[in-house]
Amino acid sequence: MFLGLRQSLESSYGKNGFFGWRNPVQRFGPMRGHIMHISSGGRRPKKKIYHRVHELDRVMDLQKKPRLILQLKSIIQSQKHQSLLLRDLEKHVGFVHKWNFMAVIEKYPTIFRVNGGNRTPPSVELTEKAKRIADEEAEASEQMEPILVENLRKLLMMSVDCRVPLEKIEFIESELGLPQDFKGTLIPKYPQFFSVKNFNGRVYLQLENWDSSLAVTAREKRIARERVLDSVGHVKKARISKDGNFSGPYAFLMSYPAGFRPNMSYLEEVQRWQKMEFPSPYLNARRFEAADPKARKRVIAVLHELLSLTMEKRMTSAQLDAFHSEFLLPARLLLCLIKHHGIFYITNKGAKSTVFLKEAYDGSSLIEKSPLLRFNDKFIALSGRRDVNFCNGISS
């Protein structure tokens with residue numbers, strides 16, 4: 001996604017300069033935090049700031065240790081006797097990462113217990129308390145199944161042909177919360193919804209049953225919960241807000257960073273965009289002209305819904321890029337995300353760039369959590385970490 005960043009930003013954002021990018025020639029380093037505007041006069045070039053959201057950057061740092069703990073738990077549970085020889089750890093995680101896991105074992109004796117020594121090869125297993133909590137994962141998985149099935153159906157319903165290459169589903173399986181063996185365990189259980197078919201030498205997951213009741217977006221559900229419309233169906237009287245938010249059936253939640261100071265002209269443009277109607281993400285994208293402003297707003301709705309279907313309301317830029325053809329996403333996808341920085345946030349923290357759905361977070365905490373995430377939080381709480389408010393999410 002980031003390879004075409006400079007080319008994307010060297011094109012005009014539109015004659016009205018929507019979202020504040022007015023100069024047709026711009027330079028933007030790989031998310032270094034500013035954009036230099038080239039000026040033909042002798043004046044000093046202006047800067048456009050990509051404002052960082054430190055709370056969301058922090059999410060990427062906070063997940064590092066929990067991810068190692070949960071991965072090690074899964075490796076131990078996959079062993080025949082629920083115990084892993086330390087000498088075999090390298091086979092599962094590689095030589096380099098082995099030392100990170102060894103540090104985790106040493107740092108969290110409340111979760112991992114080392115046995116053996118002398119003439120017995122040392123091994124690691126879960127402590128008794130960790131085992132008791134780990135046993136609750138089966139219940140969480142049972143609660144997750146209908147959620148996973150519904151989200152997978154919605155994902156296929158949004159695609160232009162109601163099918164997605166199976167390899168692309170596997171690419172985002174952990175983000176969707178799918179088990180690693182979902183092809184052999186989950187899919188065959190629901191032949192009324194899914195089938196696996198071969199098209200032109202490629203294996204696809206095909207939707208077998210369209211359900212109009214599922215064609216409701218997370219954005220629409222939020223509006224219904226907040227009762228934006230009165231009982232008659234009329235939109236509540238709106239005024240230009242200072243934060244870009246607008247009460248209406250076609251509006252998105254906006255959240256601008258503290259350093260961003262939009263002027264009244266900007267906010268008026270935002271309100272016009274917020275009030276503009278657009279087709280549902282569940283209507284086939286081939287029915288609309290890509291240049292139509294309503295179709296462009298629909299793309300934002302597709303990205304919003306796609307991120308809403310993930311467990312943690314975020315995906316890497318590479319994962320979003322992978323679905324260009326299935327959802328007819330714009331070629332300059334990064335440019336689209338940057339323009340709508342009130343809705344999405346891109347961070348380079350971590351090994352890969354990640355796109356967040358901003359409204360899904362309160363600071364660094366995910367607001368709504370699935371049963372699986374609540375279980376993960378409970379297990380991680382054994383480590384004694386206090387830098388995250390575990391189990392603070394709303395059940396979803």
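Strand S4 pairs with strand S6 (residues 120-126) in the antiparallel sense, and three bridges join the two. The model described here is predicted.

- Three strands, in the order S4-S6-S5, make up an open sheet with antiparallel pairing.
- Strand S4 (83-85) and strand S5 (112-117) each have a single partner strand and stand at the edges, so one side of each has no neighbour in the sheet.
- From one strand to the next, the twist averages 25°.

**Ser383**
- Ser383 is located in the loop that runs between helix H17 (371-380) and strand S16 (394-395).
- Because its relative accessible area is 15%, which is under the 20% cut-off, Ser383 counts as buried.
- A polar atom of the Ser383 side chain lies 2.6 Å from the backbone oxygen of Ile380.
- When neighbours within four places in sequence are left aside, the residues in contact with Ser383 are Ile69, Tyr108, Thr110 and Ile111.

**Ala224**
- Ala224 has its place in helix H11 (residues 218-226).
- Ala224 counts as exposed because its relative accessibility is 56%, where exposed means over 50%.
- Ala224 and Pro249 are 25 residues apart along the chain, and their C-alpha atoms are separated by 9.1 Å.

Key:
Residues numbered from 1 in each chain as written. Predicted model: local features only at pLDDT ≥ 70, side-chain atom pairs only at ≥ 80, totals over all residues. Heavy atoms only, no water. Helix = DSSP H or I, 4+ residues; strand = E, 2+ residues; numbered from the N terminus. Buried < 20%, exposed > 50% of the residue type's maximum accessible area, 1.4 Å probe, protein only. Pairing = 2+ DSSP bridges. Axes fitted to C-alpha atoms, helices over the stretch in contact; angles between N-to-C directions. Polar contact = N/O pair within 3.5 Å; in protein donor to acceptor, adjacent residues only side chain to side chain. Contact = heavy atoms within 4.5 Å.
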